[in-house]
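Please open the structure in your viewer and keep the selection tool at hand.

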Amino acid sequence: ISILNKPMAAFKIKVFFFLLLLPFILSAKNINIKNIKKQIQYNAIPQKKLELLLQLSKEQIETGDEEAIHTAESAFQLADSLKLEIEMADALNQQGIAWKIWGDNQKSILYLFKALAIYEKLNRLDEYAEVLLNIGETNRAASYFKKSLFFLNKALIIFLRKNDSTGLAKTYNRLAAVLYEMDLNDPNENEISYRAIEHKKIDFNQVYRSNRRFRQRYDSIVTYLGISNSYATKPDHANIRISNNIILSALFTITYQFDKAHPVFDLVLSEIRRTNAISELPLALFNIAMFHYKKKDPEKAMINAKESFRIAEELDIKSYIVISADMIKLIYLDKEDYKEAIPYMRIAYVGRINYFQKDIEVKLKDMQYDFDIASKQKEINYRNSQLWFLYISFSTMLFLTSLFIVILLRKNKRKKILNEELNKSNQVILQQNEQLTILNSEKDKFFSIIAHDLRGPFNGFLGMTNIMTEELQDLTLGEIQQMAVSMRNSATNLFQLLENLLEWSRSQRGLIKFEPESLLLMPVITESMHLVIDSANIKGIGISYEIPVDQKVFADEDMLTSTIRNLASNAVKFSRKEGNVTIAAKPLPGNSVEISVSDTGIGMNSDMVANLFRIDVQTNRNGTNGEPSTGLGLLLCKDFIEKNGGKIWAESEEGKGSTFRFTLPLEKPERQK
């Protein structure tokens with residue numbers, strides 16, 4: 001491994017052998033975890049089993065094992081059954097830490113606040129301060145720096161009062177980390193100063209002397225790191241010391257003080273090797289890669305970035321995987337090697353979606369937990385205003401939906417009257433009238449199906465509002481919030497249903513513009529999948545493409561996009577967690593192309609397959625996570641494909657998945673020219 005320059009050549013060999021020992025270190029930790037699991041399996045004493053579960057969860061968090069989430073949940077359930085409140089809070093705290101590590105800041109905040117409430121109730125100041133520290137760290141990870149400083153300073157006050165050296169070392173370390181990241185993300189003076197150092201080639205000392213705000217922030221970071229090191233003197237404080245030096249070396253790197261950064265990196269790697277702190281190695285190597293990148297040495301930067309990526313993957317530390325992949329992508333892009341950059345670009349992109357997709361919800365939950373509320377009456381007033389808003393929203397939605405249904409029913413009634421008059425006036429078109437009557441009958445059944453699907457969300461709304469009206473004083477803020485989330489989800493599903501219904505209605509009346517053109521298939525499919533990828537990521541479903549790069553079709557782009565999106569959304573909806581969805585295309589004889597969307601989901605029996613595209617048969621069912629479905633999307637797909645001169649059909653086997661196929665014409669030869 002290329003770490004720094006010649007002064008560190010001897011240390012490269014030490015790090016090399018340390019990396020060779022990495023699998024054995026991990027193996028030893030795994031053996032310890034297996035021993036704890038074995039003790040849990042054969043231990044019949046509930047209190048002892050609970051103690052082992054908490055110990056196992058802590059070990060799993062340290063080794064990057066995602067099973068820590070479930071272990072901590074089991075510990076909480078057992079502690080709850082035994083009515084042991086302290087152990088319940090311990091389990092909740094560990095769940096919060098685990099969820100933060102694995103990228104769900106929303107759940108992390110939720111569990112940490114629950115633990116905080118229990119510790120506060122029991123007056124457990126040590127644990128209370130520790131959870132405040134964890135909440136501050138989760139807010140830092142979500143880039144809510146002001147909130148992070150708020151909770152960290154509350155923790156600091158308690159640790160200072162109790163003279164807790166470990167707590168003080170951790171808190172000052174996190175305060176330094178927050179200030180460092182605030183500087184990197186500050187749109188004002190400090191960012192300008194960092195940019196001035198890098199792009200305008202201004203000497204660090206010149207900026208330090210001339211920019212008072214920059215100097216204060218810089219000195220604060222260095223001071224906090226020094227204070228943290230002064231408290232982190234115990235052998236088990238190695239991770240804190242390593243983190244302090246990583247932040248310091250990174251600060252020196254971004255301010256182009258390479259001569260100062262160099263020995264600090266040496267100290268970081270020595271400490272990691274001495275203490276076997278393997279979880280810190282990917283971050284250290286990433287910062288060394290950044291060091292070389294800033295020094296315009298892309299080869300050494302690439303070596304260290306790839307080593308950081310490899311070890312982060314082996315340890316399954318998602319945040320480090322994302323940042324190291326992003327660094328590798330950046331180096332390849334600088335070299336204009338786009339082919340090599342694409343895989344790492346995809347890893348960084350998907351990782352950020354998985355890791356940060358719920359940060360907005362974290363902020364909402366964080367804001368709702370307000371320690372400075374002076375009066376309970378304010379909270380009640382806030383609930384009443386929220387409830388009033390929900391009443392207005394529900395009433396408006398109910399009125400608009402009812403109006404829409406009435407319009408549809410009146411239109412259907414007018415069609416029936418017209419059919420009767422035509423039957424009486426002209427015997428010649430009797431056959432056509434009979435066919436029209438059958439069609440209207442099918443639509444009546446379809447409207448009854450839609451009415452049934454609309455009634456479900458309304459019943460949910462009414463039930464929720466009745467509970468809120470009659471039991472508001474007894475409900476907690478969390479319960480009201482859960483009801484609001486449930487009502488929001490019902491409203492979202494109802495909106496999607498009405499949107500599909502409106503689009504189907506416009507298609508039936510010929511109001512949708514039909515403008516076919518020659519299209520490259522892959523970009524259209526990629527654009528169609530933007531709204532589907534989030535749902536797939538939530539369920540851990542892989543999406544793959546088997547489409548020739550130069551494959552073209554002759555179709556209306558909007559209709560093709562809607563068809564792909566509906567079919568792919570259904571594939572994700574009816575796939576189990578960790579399943580697969582494949583979108584493929586192949587040319588057929590006769591100037592056409594076949595496109596297919598396949599999944600490994602729950603599949604369908606032959607009766608369901610036969611009725612999929614019929615308007616008068618109800619084929620809808622819920623997805624594997626309870627996602628609602630009406631079957632209306634498939635009717636739209638059939639209309640759009642047939643309008644484009646193709647056909648659509650389905651193949652499925654119950655329990656083994658489904659494949660939806662449709663054909664489209666290729667571009668005409670003269671138009672290709």
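Which residues of α13 are buried? They are F258, A261, H262, V264, F265, V268, L269, E271 and I272. Before selecting them, please note that this is a predicted model.

**The whole protein**

Display the entire chain as a cartoon. The protein has 27 helices and seven strands. Of its 673 residues, 46% are buried. Consider next the contacts between residues at least 6 apart in sequence: 68% of them join residues at least 24 apart.

**Helix α13**

Select residues 258-275, which form helix α13. Its 18 residues should span 26 Å at 1.5 Å a residue, and the end C-alpha atoms are 26 Å apart, so the two values agree.

Two packed helices are described by the angle between their axes and the distance between the axes.

Show the side chains where the two helices meet. On the α12 side, the contact includes R241, I242, N245 and F252. On the α13 side, F258, V264, F265 and I272 are among the residues that take part. The residues of this contact comprise 12 nonpolar, four polar and four charged.

**The pair α14 and α15**

Proceed to helix α14, residues 281-294, and helix α15, residues 298-315. Here the packing angle is about 165°, and the axes lie 8 Å apart. This angle makes α14 roughly antiparallel to α15. The crossing of α14 and α15 is left-handed.

For this contact, select L281, P282, L285, F286, I288, A289, H292 and Y293 in α14. In α15, select K300, A301, N304, A305, E307, S308, I311, A312 and L315. By class, the contact of α14 with α15 contains 12 nonpolar, three polar and two charged residues.

**Helix α16**

Select residues 318-334, helix α16. With 17 residues at 1.5 Å each, α16 should span 24 Å; the end C-alpha atoms are 25 Å apart, which agrees. Colour its buried residues, among them Y320, I321, V322, M327, I328 and Y332. K329 of α16 is also buried. Following α16 is E336, which has a positive phi near 60°.

**Residue T563**

Go to T563, which is located in helix α24, residues 557-573. Is T563 buried or exposed? A relative accessible area of 0% places T563 among the buried residues, because buried means under 20%. Apart from residues up to four places away in sequence, T563 touches C637, F640, I641 and F662.

**Residue P665**

The last stop is P665, in strand β7, residues 657-665. The relative accessible area of P665 is 22%, and this residue is partly exposed. Which residues are in contact with P665, leaving aside its neighbours within four places in sequence? They are V553, F554, N591, S592 and N644. Select N644 together with P665: they are 21 residues apart along the chain, and their C-alpha atoms are separated by 7.9 Å.

Conventions:
Residues numbered from 1 in each chain as written. Predicted model: local features only at pLDDT ≥ 70, side-chain atom pairs only at ≥ 80, totals over all residues. Heavy atoms only, no water. Helix = DSSP H or I, 4+ residues; strand = E, 2+ residues; numbered from the N terminus. Buried < 20%, exposed > 50% of the residue type's maximum accessible area, 1.4 Å probe, protein only. Contact = heavy atoms within 4.5 Å. Axes fitted to C-alpha atoms, helices over the stretch in contact; angles between N-to-C directions. Nonpolar A, V, L, I, M, F, W, Y, C, P; charged D, E, K, R; others polar. Expected span 1.5 Å × (residues − 1). Parallel < 35°, antiparallel > 145°, perpendicular 65-115°, else oblique. Left-handed = near helix turned anticlockwise from the far one by under 90°.
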